[in-house]
Amino acid sequence: MNFTLFAPEILLTVLAFVIILMGLLVNDKSKNMLGYLSAAGLLASIVYLVGNGMTGKTSYFYDSLVVDPLSQVFKLIFIIVSIIAVIASIEYFKNNRNQDEYYALLLLSTVGMMVVASANDLISLFVGFELASMSTYVLAGFEKKNPASLEAALKYFIIGSLSSALMLFGMSIVYGMTGSTNIPAIIEFFKVTHLSAESSLGILAMVFLVAGFGFKMAIVPFHMWAPDTYEGSPSVVSALLAAGSKKMGFVAAFRVLILALVAIKVDIQYTFAILAILTMSYGNIVAISQRSIKRMLAYSSIAQAGYISLAFVVMTQMSIAGGVLLALGHALMKAGAFIAVAVVGYMVLNDNKNAKNSDDIGNFAGLGKRAPITAFSLFIFFLALAGIPPSAGFIGKFVLFYSITVEALTPATSWLLIIVIIAILNSALSIYYYARVIRYMYVLPPNGETIREPAPYVVAMLIAVIGTIGIGLYPEPFVQMAINAAHVLGV
Amino acid sequence: MFSEFAALIVLLPVIAFVLTLFLGKKLYSGGALLPIAAIAGSFIISVGIFFEIFPNDGMVQQSFPWFAGMNIGILIDPLAIVMLMMVTFVSLLIHIYAVGYMSHDPAKPRYFAETSLFTAAMLSVILSDNILQFFISWELVGLCSFLLIGFWYHKPSAAAAAKKAFLVTRVGDVLFLAGIVLLYVNMKLLIDNGTLVVESQSFILQFRTMFEAIPLMDGTQLTYITLLFFGGAIGKSGQFPLHGWLPDAMEGPTTVSALIHAATMVTAGVYLVARTFPMFVATPSTISAGVPDSLLIVTYVGGFTALFAATMGLVMNDIKRVLAYSTVSQLGYMMLALGTAGTVLGAKAVGISMFHLISHAFFKALLFLCAGSVIHAVGTNDIREMGGLFSKMKITATTMLIAALALAGFGLPFEGLGMPIMNIGTAGFFSKDAIIEGAMEYGEVTHDMIPYGFAVIAALLTSIYIFRLWFMTFTGKPRSERHSHESPGVMTGPLMILAIFALLFGFSQAGFYGYVEKNFELMDVNIAVHEGEAFHPSALVILLPVIVGVLGLLISYLIYNKRIIDMSKLVSAGNPIYKLLLNRYYEPKLGANIIGVKLTHDVVAQSGEFIDRKIIDGLVIDNIISNTLLKLGEIVRKLQTGVVQNYASVTIFGVALLLIILRLIFGGT
């Protein structure tokens with residue numbers, strides 16, 4: 001068997017073990033190089049990934065894993081986010097004696113997410129899910145001496161386990177109904193037999209799966225852990241969670257739910273519409289009153305999950321492409337924004353070693369003067385998150401909203417227009433809290449010296465800025481990529 | 001070889017913009033050398049491309065797909081290359097001059113970064129090969145203009161002028177955008193029903209495709225589209241009734257006025273009409289026989305603006321404002337040329353108009369830079385406080401005289417009078433005479449002499465106001481105690497170079513017409529030319545522009561230098577015409593009070609506020625929506641208790657709720 005298509009995963013797994021081994025051998029001071037090593041490995045894997053091409057479909061291991069355009073797009077997202085997080089971590093965890101474990105776990109969680117992207121079987125899906133989750137539980141609590149970090153990790157772990165249990169329960173019901181764990185086989189079963197998901201068992205399975213995926217996606221009402229965890233975790237880990245691990249929930253949902261829903265033609269649009277609207281409105285409304293920027297970003301990422309979930313409402317090729325595009329854009333913007341917050345934290349701790357709440361909005365006053373590159377990058381991310389062109393955020397929202405509007409033109413589904421209007425109003429509302437931070441950064445006077453922004457942070461943010469603007473300026477190949485990915489789902 | 005680097009023409013100034021913005025503080029003279037080097041590079045590439053494509057009537061075309069059937073591309077045809085060379089050249093000289101002029105300003109990096117970005121945007125307008133990219137660059141030009149007019153943003157008048165310019169040109173931009181949308185819809189219809197085929201290497205909204213679609217399109221639609229485009233041109237080129245922002249824009253540094261509000265940006269409107277000229281020519285004639293509707297409107301708007309602005313130029317006392325009105329007036333001439341000559345001579349009109357555009361760019365940039373030199377020396381804009389500067393500023397005075405002669409169109413039309421000697425004259429003589437003759441011919445063909453009247457009277461007024469300016473500034477006795485001195489070499493150098501062009505550029509007339517005329521042939525567009533009977537203007541017609549020019553000089557000389565005619569009686573006696581002109585036809589007041597305060601604020605904004613406050617907020621308690629949102633946020637935030645047991649309960653509750661909802665939807669089995 002030819003494993004070239006899995007070269008990125010294999011490379012990262014081997015690298016994770018090599019890093020653990022090296023951590024045993026080298027002294028604490030030399031551990032700083034492990035970050036560079038991880039970054040190099042991730043870069044190599046992205047080269048492999050792109051080299052493998054974004055089209056074509058091959059299945060492996062008795063059809064339990066597939067490599068197709070959908071998996072490739074999401075793997076691209078996961079690796080880019082990991083690169084951004086790893087580069088920033090070089091500075092964030094500088095001189096930390098447990099760096100080896102940190103990088104190994106980060107790489108393993110990336111591999112987990114990539115396995116989920118490729119999963120074609122409920123078992124491999126669950127294994128990937130757990131690999132990514134377990135690693136990130138530890139990462140969230142990586143600042144052992146910081147109670148907030150520990151609390152974040154514990155909450156994340158408890159709610160995560162609950163969700164995993166629900167998901168596993170849902171999967172076992174599906175297995176019980178169909179006698180198979182292979183996703184295409186399950187779909188086929190539902191198509192042939194008329195045992196529909198409208199049965200009580202079917203509904204139960206579907207709700208449990210939604211709960212399991214919804215936990216990762218952080219959609220209401222499975223979002224409760226997200227603000228606490230994003231706020232308490234180290235900023236670089238928050239970036240990974242919000243930008244990467246969240247998308248794992250989406251790719252799983254695309255793979256399982258959309259296929260299932262298309263196959264059995266169940267009309268649960270309304271349910272997803274309500275969930276999406278609730279999620280985006282809740283995220284945006286609560287974000288308004290936050291003073292902690294990390295919390296604000298957490299709620300804004302809940303809101304973004306709401307937008308992406310709109311793809312489940314109409315399930316046309318265009319809307320799924322829009323969801324994929326927005327997921328890609330959100331990964332870049334959100335990862336970059338969390339890194340920018342990390343720079344502010346660095347800045348505040350520079351002023352005062354014992355500072356608390358380094359991400360309080362007050363610390364962003366005059367950031368345009370104190371840390372110009374960070375402020376400018378954050379400015380770009382916020383505009384992009386608010387969906388202002390030319391940015392990845394705009395392209396994603398545009399394609400998504402446009403696809404729903406097109407559907408709304410059919411009289412039978414004209415109610416979708418209301419959804420679009422609510423989504424656009426939500427976008428407008430979000431400008432309020434983004435603009436507030438921008439005002440702090442550029443209008444209010446600075447309360448400290450100008451700092452020298454550490455190079456790793458700058459590089460990480462610039463990657464995200466270039467990606468965000470680049471997709472906005474030249475969307476064609478990315479739109480094509482997203483459409484190819486949506487095509488896989490056969491809608 | 002140069003053609004392959006065409007993209008660098010735009011990219012070099014963009015790179016200079018980024019570098020100057022971030023590193024300018026640390027470099028010599030606020031990083032002025034970066035934009036200068038970049039624009040010099042663009043100039044060299046432009047000239048190189050010119051020499052590559054000129055001998056064999058070639059064009060440079062590069063394009064690659066962008067998104068949704070649109071593209072980004074470069075089109076360098078004769079029309080574009082002459083503009084490219086002019087803009088890079090004038091911009092280069094002005095940047096060099098600015099090193100001296102801005103030497104005392106602490107915000108130099110910002111200045112040079114912004115002018116560099118402006119140059120890039122303008123160049124991108126010129127070499128766009130599709131109307132969408134054209135529009136995006138056009139907007140960027142507008143943004144830079146806003147930033148530069150408000151460069152001294154701490155001055156309230158500058159901030160207000162920047163705002164005014166932005167808002168007024170925005171009116172035009174909205175029309176332009178509406179035109180593009182309408183065009184797109186029409187073309188999409190043609191493509192959908194199969195009449196228009198877009199080939200594999202072409203794109204919708206590319207100029208070439210647009211021109212292909214002209215014969216297929218409905219005539220009325222075409223009129224709407226072109227008039228909307230012309231609306232954009234009116235805003236950008238300061239034509240009546242959107243001319244008010246341009247004189248106010250003089251609040252920026254004089255170099256900005258020279259660069260943006262004289263030589264380059266304001267010509268973008270004329271360039272737009274010239275670029276889409278085949279569409280204007282193709283509009284049906286319903287108002288006046290033989291005259292395409294859109295061209296008729298272009299003619300009248302241009303002609304009226306030429307005259308209207310010249311009358312206000314007569315009485316302004318701010319040296320830059322006189323020049324600003326003169327710019328508005330000359331842009332009117334360019335529009336007039338497109339309209340009149342376009343009707344009778346077809347594609348040649350583009351040559352005539354562009355020739356005036358470029359010769360105007362030289363002498364108007366020169367006039368502004370001279371004015372800048374004077375202001376730099378005496379520290380005031382008011383010509384009533386100047387006088388007698390000739391002996392102190394010989395270079396400035398001489399170069400400005402050359403520019404004034406060019407603006408007034410001085411020259412000797414030997415050829416036209418049948419003498420075997422070639423015409424001799426300034427750039428303005430060659431370019432403006434052609435326009436006036438075109439208007440005459442238009443009158444002969446259509447029996448409508450009004451545009452010709454506009455052109456001739458405006459020419460007389462032009463001559464009067466520009467020599468008034470020159471006499472009041474440089475001759476007579478100093479009217480105030482000011483220490484004045486000649487400007488440094490870095491400033492007078494560009495003056496002399498521009499003066500040479502203002503004097504000699506006119507001799508390239510025949511070659512220029514021949515080259516630019518071919519533009520639309522190269523684009524495979526046929527422009528129908530109305531063959532009137534052979535036109536042989538009488539000697540009087542040929543001499544008239546020169547006669548009115550000399551007459552204007554004479555009148556100014558008598559009034560402002562010899563003081564034989566006492567102006568004070570005319571101007572101070574509460575003369576209503578003088579007051580009308582000095583108050584600029586009450587346009588700022590009308591604009592500000594009627595449209596701004598009465599209509600926009602009192603009617604629209606107040607009623608909006610009424611609805612907002614009394615109806616939306618008043619029906620319910622104060623600010624109910626925003627307060628509710630904030631309160632809701634607070635309440636929901638409290639749900640986030642931080643207790644993990646609650647989180648788990650919510651999750652389970654959510655699952656249960658979903659189950660119940662789905663159960664209700666599907667019923668039970």
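**Exercise 1. List the residues with which B:Ala403 is in contact, leaving aside its neighbours within four places in sequence.**

Solution. Begin with the criterion, by which two residues are in contact if their C-beta atoms, placed from the backbone, lie within 7 Å. Leaving aside neighbours within four places in sequence, B:Ala403 then has as its contacts B:Phe363, B:Leu366, B:Leu367, B:Cys370, B:Ala499 and B:Ala502. The model is a predicted one, in which local features need pLDDT of at least 70 and side-chain atom pairs count only at pLDDT 80 or more, while totals for chains, interfaces and linings use all residues. Residues are numbered from 1 along each chain as its sequence is written, and chains are lettered from A and ligands numbered from 1 in the order in which they are written.

**Exercise 2. Find which residues of the largest nonpolar core touch the most other members.**

Solution. A nonpolar core is a set of buried Ala, Val, Leu, Ile, Met, Phe, Trp, Tyr and Cys residues joined through C-beta atoms within 7 Å; a residue is buried if 20 or more other C-beta atoms lie within 10 Å of its own, exposed if 12 or fewer, and partly exposed in between, with C-beta atoms placed from the backbone. The largest core has 214 residues, and those touching the most other members are B:Val273, B:Phe362, B:Ala365, B:Leu366, B:Ala403, B:Ala455 and B:Ala502. Helix α15 (residues 348–378) of chain B gives the most to this core, with 20 residues. A second, separate core of 198 residues includes A:Ile186, A:Val251, A:Tyr282 and A:Ala337.

**Exercise 3. Locate the cis peptide bonds and positive phi values described here for chain A.**

Solution. As background, most residues other than glycine have a negative phi, and most peptide bonds are trans. A cis bond joins A:Val220 and A:Pro221, with omega about 0°, and A:Pro221 lies in the loop between α8 (200–217) and α9 (225–232) of chain A. The bond from A:Pro389 to A:Pro390 is also cis, with omega near -5°, and A:Pro390 is in the loop between α15 (372–385) and α16 (392–408) of chain A. Turning to phi, A:Phe61 has a positive value of about 50° and sits in the loop between β1 (58–60) and β2 (65–67) of chain A, while A:Asp63, with phi near 65°, is in the loop between β1 and β2 of chain A. A:Phe61 counts as partly exposed because it has 13 C-beta neighbours inside 10 Å, and A:Asp63 counts as partly exposed with 14.

Methods
Helices (H or I, at least four residues) and strands (E, at least two) are DSSP runs, numbered from the N terminus.
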